[in-house]
Amino acid sequence: HAPRVVIIGRPNVGKSTLFNRLVGRKLALVDDQPGVTRDRREGEASLHGLEFTIIDTAGLEEADPNSLAGRMRAQTEAAVATADLTLFMIDARAGVTPLDAHFATLLHGLGQPVVLIANKAEGKAGAAGALEAYELGFGEPLAVSAEHGEGMADLHEAIIAAL
Ligand code: GDP
Ligand code: MG
């Protein structure tokens with residue numbers, strides 16, 4: 001079967017924008033409001049000739065502080081369990097937030113292959129945030145711009161190397 005690749009990260013980092021770019025159709029809703037994607041969505045991705053199934057995750061729309069950590073763990077575990085590879089996305093412009101660090105801890109605990117992506121890094125923006133992302137413990141962060149299509153050749157190489 002085609003490899004399954006899931007995109008994980010806190011709301012508004014650009015997961016659905018990358019999903020749309022890889023699938024080439026507007027299957028995932030992108031919005032300025034954090035967490036607009038309500039459900040997990042799957043599409044057939046093509047990246048420089050590499051074909052795989054890509055899964056866009058909803059993240060955490062309702063920030064109920066009482067259930068946030070538990071729901072985050074359950075959603076992440078369920079999504080990662082169905083996948084061969086996890087793309088863990090942060091916003092390079094925002095740098096590493098506490099929620100990013102929480103996702104990192106969850107993903108380390110699951111022990112599945114992870115490629116760390118620092119998005120919104122078009123031009124030189126986000127260079128500092130991408131550097132900061134080393135602290136998450138997934139090796140060299142891949143600086144990309146999902147919106148502008150920068151870093152896609154590097155992403156292709158990283159997915160092949162990780163699968
Ligand atoms: P999600 O919640 O992680 O799925 O994030 P979305 O894909 O919905 O994107 C959230 C916001 O970030 C939208 O306003 C996007 O246009 C914007 N965005 C996504 N990718 C990039 C990027 O590469 N650069 C910049 N500057 N903005 C981006
Ligand atoms: Mg989304």
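In this predicted model, 6 strands form an open sheet of mixed pairing, in the order β2-β3-β1-β4-β5-β6 (strands are DSSP runs of E of at least two residues, helices runs of H or I of at least four, numbered from the N terminus; two strands pair if DSSP finds at least two bridges between them). The edge strands, β2 and β6, each pair on one side only. Within the sheet, β1 and β3 run parallel and are joined by 4 bridges; Val6 has Ile55 of β3 as its bridge partner.

The largest nonpolar core has 38 residues (buried Ala, Val, Leu, Ile, Met, Phe, Trp, Tyr and Cys joined through C-beta atoms within 7 Å; buried means 20 or more other C-beta atoms within 10 Å, exposed 12 or fewer, partly exposed in between, with C-beta atoms placed from the backbone). Its largest share, 5 residues, comes from β5. Phe88 is among the residues with the most contacts inside this core. Beyond its neighbours within four places in sequence, Phe88 is in contact (C-beta atoms, placed from the backbone, within 7 Å) with residues including Phe103, Leu107 and Phe138.

In α5, Leu155, Ala158 and Ile159 are buried. They fall within an arc of 100° (directions from the helix axis to the C-beta atoms), so they line one face of the helix. The face turned away from this buried side carries the exposed residues Ala153, Ile160 and Ala161.

Residues are numbered from 1 along each chain as its sequence is written, while chains are lettered from A and ligands numbered from 1 in the order in which they are written. Local features need pLDDT of at least 70, side-chain atom pairs count only at pLDDT 80 or more, and totals for chains, interfaces and linings use all residues.

Notes:
Two residues are in contact if their C-beta atoms, placed from the backbone, lie within 7 Å.
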